[in-house]
Amino acid sequence: MASVIPNGFEWSEIRPGRWERDVDEAEQFYTSLAKAYEGTGRTFFAMTGFISVFAPAESRSSDHQTETRAEDALRKAWLRLRYDHPTIASRVEYDVHGKQCKKIYETFTEPSSQEDWLKDTFQIVSTSVSGLEWCNSDPPVPALPTLFLIKGPSAAEGAFRADVVLRAHHDIIDGMGTLMLFNNLFAHAAEIYKWGASYTAPCFGGEWTNLSPPLRVAAGIPKDLRPAQQSRLRDINHSNESLKEGVEIASIPFNRDRTKPGKHQRVAITLSIEQTRQLLDKCRETGLSITHVYHTAIAVTVRGTQERRANERKVRYLNYSLINERGHCRNPYRTWAHPATVYHSVSGRSLAIDLNVGSALETADMASTTAKDKAEFMDIAETVRNFYLGIRSDEEHIFLVPSYWKMSTIPYPADGVTPHVPSRNDNPSVSISSLGVIDKVISPTHGPFQLDNPWVTGEELGTGLGVFLGTWKDRLTLSTAYNDAWHDKKEAMAFLDRCNQTVFRALGIEW
C-alpha cells in the first residue's frame, strides 16, 4: 500500500538538522484556513488544550518546595515529549518557490538551543484571573506549540495548583491528540518527580525517527481514488448541493453589526454524577449514544431560534460530524506514541434534518413535553444515529477523507502574502465534536499529580457555535466555543441550557 502513497510525505533531511515533509490534505485545510484569516491577527481553529493539576505537599516539604519540584518536573516532561513526539516542535511553512506548504522540524544544533526552546515554549504565567478567564482573554498562538502553566488566584490554596494550557496551530495537533499529549506529559512528570535529581534527560540527535507522518501515510491511503470511489465522491457532492436547494436552511441569529471576528470564548455546563448516570441509562434503553441525543438536541434548539412568521414553514438543519480516525491508522500511529498529529476527518455526506417552525400565532412552549414532541425527538435521533452508524460501517470512508478535506480547503495565496479576510458567514449553524469518555484517554492521577477538568477547543472566528461533548469522572460537560463579535456569554449559555433541557425532557429525566 505504501508504494501508492504520494511521494513527499516521508520526512527528509534537506540540510543538517532540518527535516521536511509535505503536508497532506487535512493539514493543508487548517494551514490554509489560518492563512485566510491571518489579517485578523488571530488564528482560526488554533488549538487550546486545558487541564487543571494539583499536587499536595509531601511530609517535610514546604508548599514552595513542592511547587518548585512540580514545575521542574513538568518542564523536564515537556522536553521529554519533544524527544518522544518531536512533531510537537514542528511548524508549517510556505515555500514560495515551490508553491507548496511544508512541515518543518529542526533539531537542536547546540546546547543553548535546548534551553532557548524551553524558554520559548514552556511559560509560567502568574495572573489574577482563572485559567479559563486567561484562555478567554485572547492569549497568543506562538509559531511553535507552547505549554503555559497558569498560576491564578487559587494557586496559593494548595501545595501546587495550576492550569496547564497548550496553544498550538491545528495543522500540528488535533483535539484528541491534545488529550493524549496531556496524558503522556503527566506520565513523564510523575516519573521525573519521583526520581528527582536522579532523572536523566534524553540525549537528542536521533529523535527525528519519532517524527509523525500525515494521515495519508498513517492510514495507508492510496494517492488516487478508484473509478468507483470517484463516482461515489461525485454522487456525494451532488447530494450535498441538492440538500440546499428549494428549502430554507436553518441558521442561528448573531450580531450583524460586526463584520470582523473578535475574541474566541468558551463556556460550559457540567451535569452532576446522578444526572449523567440517568442520561446514560436512558440512552442505553433507547439504543442511542449521548452524541446522538445531543446532536439531535442541537438541531431542535437551532429550530427554536428561527424567526416566527405568519405561516408555519419547513427549515432544514445541515451539518456534519467530526471523526477520530486513529482507529484506521496502523500501529504505532493509532497509539499514544503519535499524539501530535491531525488524524481526524469530517463526514463527506451532510447530515440533513427537516424541521417545522410554527407560525407567529402559535405559542412557543420551550418546556413542552408532549408525546408529539418526544416522538419527534426520537424520530430525529434515529436519523442522526443512522447517519453516524453509516459512517462507522463505511469501509470506503477513510479512502475518501483526503478528498473531503480538499473540497473544503481555501486556496493558499501563491505569493504567500496575507490575503483579505473572508467575508463572514451570514448563515451560521451549530456543529458538535464528541470527545467521549475522557478518562479513557487521560488517567485522572499520575503519581502526585491529580488532574481535573480537561477540555479542548478550536479557536472560533466564525459566526457559528462549536459545541463540545465529553465525560470526565462520571460527569458530562456540554460546552461551546463562540466569537464575542457575534455572540455573548448569556446567549451561548442559554443555548447549552436549552440543549440540556431538550435532551432530558425528551428522555423523561427530571431537569
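## A cis proline in a loop

Pro332 sits in the loop that runs between strand S12 (322-324) and strand S13 (344-346). This is a predicted model, and in it the peptide bond joining Asn331 and Pro332 is cis, with omega about 5°. As a reminder of the background, most peptide bonds are trans, and most residues other than glycine have a negative phi.

## Two residues with positive phi

Phe45 is not a glycine, yet its phi is positive, at about 60°. You will find Phe45 in the loop between helix H1 (25-36) and strand S3 (47-55). With a relative accessible area of 23%, Phe45 is partly exposed.

Lys99, also a residue other than glycine, has a positive phi near 55°. Its loop lies between strand S4 (91-95) and strand S5 (100-106). The relative accessible area of Lys99 is 49%, so this residue counts as partly exposed; exposed would require a value over 50%.

## How H10 and H12 pack

Two packed helices are described by the angle between their axes and the distance between the axes. Helix H10 (residues 371-392) packs with helix H12 (residues 489-506) at an angle of about 105°, and their axes are 9 Å apart. Angles of 65 to 115 degrees count as roughly perpendicular, and H10 and H12 are therefore roughly perpendicular to each other.

On the H10 side, the contact involves Lys374, Phe377 and Met378, which meet Thr502, Val503, Arg505 and Ala506 of H12.

Key: Residues are numbered from 1 along each chain as its sequence is written. This is a predicted model: local features need pLDDT of at least 70, side-chain atom pairs count only at pLDDT 80 or more; totals for chains, interfaces and linings use all residues. Side-chain values use heavy atoms; hydrogens and water are left out. Axes are lines fitted to C-alpha atoms, for helices over the stretch in contact, and angles run from 0 to 180 degrees between N-to-C directions. Helices (H or I, at least four residues) and strands (E, at least two) are DSSP runs, numbered from the N terminus. Angles under 35 degrees count as roughly parallel, over 145 as roughly antiparallel, 65 to 115 as roughly perpendicular and the rest as oblique. Contact means heavy atoms within 4.5 Å. Buried means under 20% relative accessible area, exposed over 50%, partly exposed in between (1.4 Å probe, protein chains only).
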